[in-house]
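Reader: Before we go through this entry, could you show me the sequence and the structure, and then take my questions one by one?

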Amino acid sequence: MEKTRIIALLLLSLGLQVQARAQAGLVRFAQPEQTVDTVRFDSGAITLRYPFENVSGKTITVLEVHSNCGCFTGEVKNRVLAPGAQSVLTAVFDPHSLYGDQTRYLTVVTTDGQETVLSSISAKGYVLRDQSEGEIRYAQDLGHGLRTDTTVNALKKDRFGDYVFSIPLYNDTDREITLTVKAPFRVKLYAPATIAPHSRADLRGQYNARWKRRSSQVLGTLQISVDGAPVTPLQIKGTLY
């Protein structure tokens, strides 16, 4: 019984040591979180430097600096570090495709030959643009504050064999709008009745292809009104197969 208790305590101690090692990591960044403040989208890329140190007591290798977008990337020139050695991760924050509040991350993958540890650094900032978020994401202005990404929308065949479409609609105003949509008789609509301010809702539909020949061309028009006022109509098109 006593022997079992001693083994359990040893395993617990080992587990705590491994956990502490994982939390400490192999490297320590002097300033893992940095701020670029407020920048314009067309101001050009900003270079940030993240000095770090090998705190593992072993020689380590930086295997990868992983980014989930092209707007924040990083590179380490000196990838092999002796114990206590220092290096710098040079990161580039490119605001060109960004809008509003931003927090971007890089994951640094390091190894000492026995374990691999992930570390994270970040950059925060606010990106100014001359256009609103709606104008950036939904380039087509349908009128009366309603926007979308394209005025011609393709039919797609889903896994049930039905021909369907989904159209993003964006309310770029400060008020709730009421939506009315009329479609050709072969189209069954699933349309939102209202759209909240500065919000997106999807206009979905299904085309009844019964009695239509294969290779037939489909072209239909959706008539849309915002608060009773007509806006630019949308088209649905496709080929039945």
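Author: A residue counts as buried under 20% relative accessible area, as exposed over 50%, and as partly exposed in between. The model shown here is predicted.

Reader: Which residues are joined with R40 into one network of salt bridges?

Author: R40, itself partly exposed at a relative accessible area of 31%, forms a salt bridge with D130, whose closest N and O atoms are 3.1 Å apart. D130 lies in the loop between β9 and α2 (133-137) whereas R40 lies in strand β2, so this pair ties together parts that are 90 residues apart in sequence. Salt bridges that share partners therefore join R40 into one network with D42 and D130.

Reader: How far apart are the closest N and O atoms in the salt bridge of E75 with R79?

Author: The structure holds 6 salt bridges, and the one formed by E75 with R79 is among them. E75 is partly exposed, with a relative accessible area of 41%, and R79 is partly exposed as well, with 25%. The closest N and O atoms of E75 and R79 are apart by 3.2 Å.

Reader: In the open sheet of 5 strands, which strands are the edge strands?

Author: The order of the strands in this sheet is β2-β9-β8-β4-β6, and the pairing is mixed. Within it, β4 (residues 60-67) and β8 (residues 100-111) run antiparallel and are joined by 6 bridges, with S67 standing opposite L106 in β8. The strands that pair on one side only, and thus form the edges, are β2 (33-40) and β6 (80-81).

Reader: Which strands stand at the edges of the open sheet of 4 strands?

Author: This sheet has the order β1-β3-β7-β5 with antiparallel pairing, and its neighbouring strands are turned by 30 degrees against each other on average, direction ignored. β1 is joined to β3 (residues 46-54) by 3 bridges, and the bridge partner of V27 in β3 is N54. Each edge strand has a single partner, so one side of each is left without a neighbour in the sheet, and these strands are β1 (27-29) and β5 (72-76).

Reader: Is S122 buried or exposed?

Author: S122 lies in strand β9 (residues 116-128), and its contacts, leaving aside neighbours within four places in sequence, include P32, Y50, F72 and Y105. Because its relative accessible area is 5%, and the cut-off is 20%, S122 is buried.

Reader: Which residue does the disulfide join to C69?

Author: The structure holds 1 disulfide, and its link is left-handed, with -75 degrees about the S-S bond. The distance from S to S is 2.2 Å, and the partner joined to C69 is C71.

Conventions
Residues numbered from 1 in each chain as written. Predicted model: local features only at pLDDT ≥ 70, side-chain atom pairs only at ≥ 80, totals over all residues. Heavy atoms only, no water. Pairing = 2+ DSSP bridges. Helix = DSSP H or I, 4+ residues; strand = E, 2+ residues; numbered from the N terminus. Axes fitted to C-alpha atoms, helices over the stretch in contact; angles between N-to-C directions. Buried < 20%, exposed > 50% of the residue type's maximum accessible area, 1.4 Å probe, protein only. Contact = heavy atoms within 4.5 Å. Disulfide = S-S within 2.5 Å. Salt bridge = Lys/Arg side-chain N within 4 Å of Asp/Glu carboxyl O.
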